[in-house]
Each structure stands twice: as C-alpha cells, then as structure tokens.
Amino acid sequence: MDRLDNTIRPYAWGSPTAIPQLLGTEPTGEPQAEMWMGAHPGAPSRTPRGTLAEVVEADPERELGARAVARFGPRLPFLLKLLAAGAPLSLQVHPDLEQARAGYADEERRGVPVDAPHRNYKDANHKPELICALTEFDGLCGFRAPVQAAGLLDGLGVDSLKPYVDLLHAHPEDAALREVLTAVLTADPEEMAHTVAEATAACTRLGGAYAPYAGIAHHYPGDPGVIAAMLLNHVRLQPGEALYLGAGIPHAYLNGLGVEIMANSDNVLRCGLTPKHVDVPELLRIVRFEPSDPGVLRPEASPEGEEVYETPTDEFRLSRYVLPEGGTARDLTRDTPQILLCTAGAVRAGEHALGPGQSVFVPAGEQAEISGAGTIFRATVVV
C-alpha cells in the first residue's frame, strides 16, 4: 500500500483552522477548505510511485482489480475528502448520470470551453455524495414541505415575501416549489436585494429557527439564495452522523468538519449563495421539486466491527472502524481499491503508522491489516 500526500484546496468558504487542528499543523491564516484523496485530475494524491492518477493509468487491473475495471472503467471511481466549512458553500444540485452525459455532450458539441465560467458540465458523470460529520455539522438538504416553508417565510413579517407564501399554499406541491424557486431566482435584482435585507434583519431579530439564515445572509448579503435556502430543511449532524445527497436534491453545507466521499465528478448547478454563474433554466430542469426528509444516516455495525454508511450508490462505499486500546488487528483485504483515512488516535495500516488526517491507498487484493487505537475511515467501491 502507498502512503498518500494530499493537496489542500484553499476555497474562500474554508475554515482556516479545522483541517490544521486535525493534522496538528500550524494554520497559515488562509482558508483550508478541502483535502483531496484520490486520482481526480484536478489534484491527484501523490505516492512514492507517482501521482495516484499515474499509478492507476499504468496498470488499472492491478490497482483497481478486474471487477472494478469491468464495472467502472480504468479509473478510480470515487474521490474522498476532508471538508472544512467555515462559511456556507453555494446552494447547489447535481445531475443524474443520463443528464450529465446529455449536458456534457451538448456543451462539447456547442464548443463551450471546459474552463468557461458559464459551463455547467465539466464531465459526463453524475456526482452523488455522502458527508459524515467529524464535528457538529450544519447543512441544508432537500425541500421542506411547502406549508412549512410558507410558515417560515410568513413569520418574518416581510410584505414582499407574501406572494411567495401564497404560492406555497397552492397545489400540487411540486408545482408550488418550482414556481417559488423560479420567482426568487428571476426576480429583479434590486428588489430582491431589498427583500433579502428585510428578511435578514427579521431573521437576526427572531433567532431560533431563523438563526441559520441570518448566518447565511451575513456571508451573502442581498443574495436571492438566502430566500431559496429557507425553502430547504436545516439539519445539524452530530459526529458520526451522515447525509447522502442524490441527484437533483438541493443542498448546501454551512459549517463544520467532515469526511466527504463522492463519485469522481465536478458537475455542479448552482442556485445561489455564490458569485459564480447560475443557469436558471438548466437548474430548473435538474432540480427534483419534491419535499423530502433530510434522511440522517447512522452507520450499521457488522460483527467484524465495520460500521457502514449504506447508500444506493456503487461508485463508493464508506465505512469506519473505531479501534479500542488493546484490540485485535482487523484484516481489510478486498479485491477492490481502497483508501484508508485516520481521523483520530494512532493506528497502523500495514507498515504505515497513521495519525489524524493521514491516509494510504490499498490496491485491489493487497493485504490490508489495521491495528492500534483510533478511528479509520475506509473508502472503496461496490461491485
């Protein structure tokens, strides 16, 4: 197995302290948003044999295993991250596989440069994802029931929100949600900025259930995404709890440190809370306008001590082992590729001693034994 040297991405929303605190390093004063572990071409992990992308490309069947190559092709199908949100990420959705393939092919046909700011589809893959909290973690996930969203907006006492409140009481629910989100995102910018300012003042005054939206507005004053965010469920994860985000589900991470895993894609359609491009017609085509429970996931433990976060996605499988002091070693050998990430304590993975934030890549079929006292997250695939 190979020890990984991973890139930390300095996105503006990142916490300047959470990842350094986990790694035991000095903060730089700059945001440290994500640490990437995998073979994504944007920032592949480095190994003693070259980048992980180069290692996989040189011998896919040896590194990934025959079954994974047959199922997903000659590439590592997942990307593992440490994610540290110090400010809200953009409100966003991801396409399903069919939508991603069609959208990518269309933009390629029209000659839209892949690095163009108005490009929606950077690749032809979908991007289901899972976030598992290491600290308390706040996020938005899926639409509230329209009547609940109406009550939240109505409680602000802002006259310019009344038309949205009335729309949210209409039926059917999917049409009501679509109509309100469309109206919010296409409203006159000056009028919407005034509405958001009034709503922000009310959220700040009222606190309680409104406090998360006051915090969002602090970072994105005047952004229509502040009102769009109030249509969504707010959820606070405790350490060890997780959220699964499937295609078409609007979501945003607000604050906290977590382990994130996703299909190896960079396709994002934004709804707000961002200075970046918002393609409203394409967004409305992708969003699933249906109320849903956030569906907080808790791991299911096996007799072998593996705690698995079950999802409907095959490109990744995330689990964890909490190893007690003086416990027996665990054999993690599989015929699929694995990344093992330590998040607490001091553990051994094969010949490698790992502390918090350190990780290894385990090729398919390679013996993988872990021991020590601490927490290991295991990322692999389902074949």
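Start with Cys 203: its sulfur lies 18 Å from the closest cysteine sulfur, which belongs to Cys 271, and that is too far for a bond. A disulfide here is a pair of cysteine sulfur atoms within 2.5 Å. Searching the whole structure gives 0 disulfides. Now select Cys 271, which is in no disulfide either; its nearest cysteine sulfur is that of Cys 141, 13 Å away. Cys 203 is buried at a relative accessible area of 3%, and Cys 271 is buried at 2%. Buried means under 20% relative accessible area, exposed means over 50%, and partly exposed is in between, using a 1.4 Å probe and protein chains only.

Before going on, note that this is a predicted model: local features need pLDDT of at least 70, side-chain atom pairs count only at pLDDT 80 or more, and totals for chains, interfaces and linings use all residues. Residues are numbered from 1 along each chain as its sequence is written, and side-chain values use heavy atoms, with hydrogens and water left out.

Select Leu 140, Leu 153 and Leu 156, the residues with the most contacts inside the largest nonpolar core, which has 49 residues. Such a core is a set of buried Ala, Val, Leu, Ile, Met, Phe, Trp, Tyr and Cys residues joined through side-chain atoms within 4.5 Å. A second, separate core has 34 residues, among them Ile 19, Phe 72, Ile 339 and Phe 361.

Contact means heavy atoms within 4.5 Å.

Next select helix H10 (residues 211–219), where Pro 212, Tyr 213, Ala 214, Ile 216 and Ala 217 are buried. These buried residues pack against several elements, including strand E9 (137–143), helix H6 (146–154) and helix H9 (189–206). Helices (H or I, at least four residues) and strands (E, at least two) are DSSP runs, numbered from the N terminus.

**Rings**

How many aromatic pairs does the structure hold? There are 3 aromatic pairs. Rings of Phe, Tyr and Trp (its six-membered ring) pair if their centres lie within 6.5 Å; planes under 30 degrees apart count as stacked, over 60 as edge-to-face and the rest as tilted. One of the pairs is Tyr 11 with Trp 13, tilted, at 5.8 Å centre to centre and 35 degrees between the planes. Tyr 11 is partly exposed at 28% relative accessible area, whereas Trp 13 is buried at 15%.

Move to Phe 143 and Phe 289, whose ring centres are 5.6 Å apart with planes at 20 degrees, so this pair is stacked. Phe 143 is in strand E9 and Phe 289 in the loop between H12 and strand E14 (300–301), 146 residues apart, so the pair links distant parts of the chain.

**Backbone stops**

Select His 171 and Pro 172: the peptide bond between them is cis, with omega near 0 degrees. Pro 172 sits in the loop between helix H7 (162–168) and helix H8 (173–186).

Finish at Leu 273, a residue other than glycine with a positive phi, near 60 degrees. Leu 273 is in the loop between strand E13 (269–272) and helix H12 (280–286), and is buried at 1% relative accessibility.
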